[in-house]
Amino acid sequence: FSLSENAESAELQRLIAVEQQKAQFQAQVHNFTDVCWDKCVDKPSSKLDSRTEICLVSCVERFIDTTLTITNRFTQMVQKGAH
């Protein structure tokens, strides 16, 4: 491999990783939209009442906190296993 082919390969891998991260993020948003909508929205209307809005915000925040906790725990387990 020439230096330029290695650079192109590294750039392609970086772009693929970025696209995978975008896809994972979109999947997470889709997941908590489904979960929180089902939990908080009784009857759809043209406006959110304050109770529904508070429920949605709280639900999304809990979902994000839980996801971060699980991700951090998994990262710790992987790091311990690598040493």
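Trainee: Starting with Cys55, is that residue buried or exposed?
Mentor: Cys55 counts as buried, because its relative accessibility is 18% and the cut-off for buried is under 20%. Keep in mind that this is a predicted model.

Trainee: What is Cys55 joined to?
Mentor: Cys55 forms a disulfide with Cys40, with an S to S distance of 2.0 Å. The pair links distant parts of the chain: Cys40 sits in helix H1 and Cys55 in helix H2, 15 residues apart.

Trainee: What about Cys40, buried or exposed?
Mentor: Cys40 is buried, with a relative accessible area of 1%.

Trainee: How many disulfides does the structure hold?
Mentor: Two. Besides the link of Cys40 to Cys55, there is a disulfide between Cys36 and Cys59, whose sulfur atoms are 2.0 Å apart. This pair also links distant parts of the chain, with Cys36 in helix H1 and Cys59 in helix H2, 23 residues apart.

Trainee: Which hand does the link of Cys36 and Cys59 have?
Mentor: Left-handed, with -85 degrees about the S-S bond.

Trainee: Are Cys36 and Cys59 buried or exposed?
Mentor: Cys36 counts as buried at 1% relative accessibility. Cys59 is buried too, with a relative accessible area of 5%.

Trainee: What is the pairing if I number the bonded cysteines in sequence order?
Mentor: The pairing is 1-4, 2-3.

Trainee: Which residues make up the largest nonpolar core?
Mentor: There are seven: Phe32, Cys36, Cys40, Val41, Cys55, Leu56 and Cys59. Helix H1, residues 3–40, and helix H2 each supply at least two residues of this core.

Trainee: Take Val41 from that list. What is it in contact with?
Mentor: Leaving aside neighbours within four places in sequence, Val41 is in contact with Cys36, Thr52 and Leu56.

Trainee: Thr52 is new to me. Where does it lie?
Mentor: Thr52 lies in helix H2, which covers residues 50–82. Thr52 counts as buried, because its relative accessibility is 7%.

Trainee: What does the side chain of Thr52 pair with in a polar contact?
Mentor: The side chain of Asp49, at 2.6 Å. With neighbours within four places in sequence set aside, Thr52 is in contact with Cys40 and Val41.

Trainee: Which side chain meets Arg14 in a salt bridge?
Mentor: That of Glu11, with an N to O distance of 2.9 Å. Arg14 and Glu11 both lie in helix H1, three residues apart, which is about one turn of the helix.

Trainee: How accessible are Arg14 and Glu11?
Mentor: Arg14 counts as partly exposed at 45% relative accessibility. Glu11 is partly exposed as well, with a relative accessible area of 35%.

Trainee: And the side chain of Glu19, what does that meet?
Mentor: The side chain of Lys22, in a salt bridge of 3.2 Å, N to O. Glu19 and Lys22 are separated by about one helical turn, because they are three residues apart in helix H1. Glu19 is partly exposed, with a relative accessible area of 46%, and Lys22 is partly exposed at 43%.

Trainee: Which side chain meets Asp42 in a salt bridge?
Mentor: Arg51 does, with 2.8 Å from N to O. Asp42 counts as exposed at 61% relative accessibility, whereas Arg51 counts as partly exposed at 48%.

Trainee: Last topic. What does the UniProt annotation cover?
Mentor: The UniProt entry, which is unreviewed, gives "domain: Tim10-like" for residues 16–76.

Trainee: How much helix and strand is there over residues 16–76?
Mentor: The chain is 85% helix and 0% strand over residues 16–76, and the end C-alpha atoms of that stretch are 25 Å apart.

Conventions:
Residues numbered from 1 in each chain as written. Predicted model: local features only at pLDDT ≥ 70, side-chain atom pairs only at ≥ 80, totals over all residues. Heavy atoms only, no water. Helix = DSSP H or I, 4+ residues; strand = E, 2+ residues; numbered from the N terminus. Buried < 20%, exposed > 50% of the residue type's maximum accessible area, 1.4 Å probe, protein only. Polar contact = N/O pair within 3.5 Å; in protein donor to acceptor, adjacent residues only side chain to side chain. Contact = heavy atoms within 4.5 Å. UniProt positions renumbered as here; feature names shortened; annotations may be inferred. Core = buried A, V, L, I, M, F, W, Y, C linked by side-chain atoms within 4.5 Å. Salt bridge = Lys/Arg side-chain N within 4 Å of Asp/Glu carboxyl O. Disulfide = S-S within 2.5 Å.
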